[in-house]
Amino acid sequence: MKKLVPDYIENLEVYQAGKPIDELAREKGLTKISKLASNENPLGPSPFAIREMTNALWDVHRYPDMFAHQLKNSLCELYNLKPQNIILGNGSEGIMGYICRAFLQPDEEVVTSENTFIGFLILAKSVGAKLIQVPRRSDYKYDVEAMAKKITPNTKIVYIANPDNPTGTYITKAEFDYLMGHVPSHTIVILDEAYFEFAQGQWDYPDSMTYRYDNVLTLRTFSKAYGISGVRCGYGFGHDYLIGNLHKVKLPFEPSLIAQKGAFGALKDYPHLVRTLDNNKACYTELFNYLTSQGFRPIPSVTNFVTFKTGSEEASLYLFNELLNFGVIIRPLRANLMPDHVRISIGTKDEMTHLYEAMENVLPKFIAKFGKLL
Ligand SMILES: Cc1ncc(COP(=O)(O)O)c(C=O)c1O
C-alpha cells in the first residue's frame, strides 16, 4: 500500500534549537541569562539595521520587492558582482532548501564530512538524497582527500561548511584547489561561508569571491557577524545558470520586507562589523586560554564559537545542565554525533565573565565526577 509520508521524511528528526532565553528564565527563576548556544552576534543588530527595519514597518501592508533591488545592489557594490549572480533567501538555510529542491533528486549522492552543519544534512535527506559522510581527520578538519575519493558519477553535491560548524576548522586554499581538481562538472560544490567574516583574515582561507567556478555556489548570511538572525536573511552567489534555476523554485517574496531592510541597513554599518570582530577576537582568545588552563583541549577555531571534548556524553550533559542552573546556555553536540563534545559561542565581555563565574562553581564538581582531562 502507498504511504502518506515517504520513508525518508518519516525517518527524519525534528531540528532541536538551543533553549530560548525566556523559557530558561521562567523555568529556573533566573534574572540573568547568557545564551552562548547559537553563534549569534552578542552585540546585537546595528542601529542602522534597526532604523531601516523600523521605518519599513509602515509598509508591511505591501508585498516586498521580489527582486530585492536595493539589497542586491548593496551586495553588488560590496563584492563587485552582477545582480544575476545573487540569490537571497530566508537565511542561508532558506537557500539550501532551494538548492535541494532545484538540483537534488532522490538517490543522488551528497558528499560531505561527518559531524558537519546539521541544517544542510536534514534538507538533503528531505528530498531523498543519499548522504555520504566522510570521517574527519584526527585534528577535526575535513578530510578533503578522502572526500574526493567518494565522488562518483552519482554525486550531485559536495557540501563544505567553510569554516565548519561545530568544529570551527576550515579548509585551506590548497585543500580547496585539490578538491576542485577532483570535482566533475556535473557536481555542484556548496561553499557554506556562514562564518566568512570571522575567518577572512586567515591568509590561507579560500575566499570564494576570488574564485570563479561555474559549479560552485557560495552561501553567506546576515545571521552571524551582521547580527540579524531573528529576521532571516541570507545570500548566495554563483553562475547565472545555477542562480537563474534557483529563482524558479524560490518563493517570490522571500526574504520579507523587514529582512531585506535589516540586511541593507546592516551592510551600511561597517564600524558595527568591526566592533563585532574585535569583541570576538578578544573574547575568543580569552576563552581558548581559559579552557586550556582548566585542562580541556579546545579545537582551534576561526569562528565565533569554540568546541571541546568533555570525555563522554554524560560529562557533556552534566556541564550543560549545571551551567544552565547558573543561567549560562551552551550547546551539547549529540545531534552532530559528537556527544562527548560541547560548543560555546562567544558572547560579550559581560556574558563571558558570567560563563567563567559559573564555571568556577561547576568545574570542581565536574572534575570530582569525571576526573581531570589532562
Ligand atoms: C555552517 C552554517 N551554515 C548555515 C547556518 C544557517 O544560517 P542562516 O541563519 O543564514 O540560515 C548556520 C547557522 O548556525 C551555520 O552554522
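Which elements do the buried residues of α8 pack against? Keep that question in mind. One caution before the answer: this is a predicted model.

Now the answer. The buried residues of α8 pack against α7, β5, β6 and β7. The residue ranges are 144–149 for α7, 155–161 for β5, 188–192 for β6 and 216–221 for β7.

Which residues of α8 are buried? They are E175, F176, L179 and M180, in a helix that covers residues 173–180. Look down the axis of α8: these buried residues fall within an arc of 135°, so they line one face of the helix.

Next, the loop that leads into this helix. Two proline bonds deserve a look here. P163 lies in the loop between β5 and α8. The peptide bond that joins N162 to P163 is cis, with omega at about 0°. P166 is also found in the loop between β5 and α8. A cis peptide bond joins N165 and P166, and there omega is about 20°. As background, most peptide bonds are trans. Please check both bonds on the screen.

Let's go to strand β8, residues 234–237. Which way do its residues point? G234 and G236 point one way, Y235 and F237 point the other way, and all are buried.

β8 pairs with β7 in the antiparallel sense, over four bridges. In that pairing, T221 stands opposite G234 of β8. β8 also pairs with β2, which spans residues 86–89. Again the two strands run antiparallel, and four bridges join them. Here L88 stands opposite Y235 in β8. In general terms, strands of a sheet pair through backbone hydrogen bonds.

What about β12? Five of its five residues are buried. H341, R343 and S345 point one way from β12, while V342 and I344 point the other way. Note that R343 is buried here. What does that call take? Buried means under 20% relative accessible area.

Now the bridges. Five of them join β9 to β12, and these strands run antiparallel. T307 of the pair stands opposite R343 in β12. V306 stands opposite I344 in β12. On the β11 side, two bridges join β11 to β12, also antiparallel. R331 has R343 as its bridge partner in β12.

β11 covers 331–332, β12 covers 341–345, and L337 is found in the loop between them. Is L337 buried or exposed? L337 counts as exposed, at 67% relative accessibility. Its phi is positive, about 60°, although L337 is not a glycine.

A second residue belongs with that one. D107 has phi near 75°, a positive value in a residue other than glycine. D107 sits in the loop between α5, residues 91–103, and β3, residues 109–113. For context, most residues other than glycine have a negative phi.

Over to helix α14, residues 349–370, where we find H354. Is H354 buried or exposed? At 8% relative accessibility, H354 counts as buried. Which residues does H354 touch, leaving aside its neighbours within four places in sequence? H354 is in contact with K32, I33, S34, F326, G327 and V328.

Last stop: the start of the chain. L4, V5, Y8 and I9 form a nonpolar patch on the surface. Together they have about 390 Å² of accessible area. L4 sits in the segment before α1, which is residues 7–10. The relative accessible area of L4 is 89%, so L4 is exposed.

To recap, then. α8 has its buried residues along one face, and they pack against α7, β5, β6 and β7. β12 pairs with β9 and with β11. Over to you for discussion.

Key:
Residues numbered from 1 in each chain as written. Predicted model: local features only at pLDDT ≥ 70, side-chain atom pairs only at ≥ 80, totals over all residues. Heavy atoms only, no water. Buried < 20%, exposed > 50% of the residue type's maximum accessible area, 1.4 Å probe, protein only. Arc of directions from axis to C-beta. Contact = heavy atoms within 4.5 Å. Pairing = 2+ DSSP bridges. Patch = residues over 30% accessible without salt bridge, like charges linked within 9 Å, V, L, I, M, F, W, Y side chains within 5 Å. Areas by Shrake-Rupley, 256 points an atom, 1.4 Å probe, with all protein chains shown as cover. Salt bridge = Lys/Arg side-chain N within 4 Å of Asp/Glu carboxyl O.
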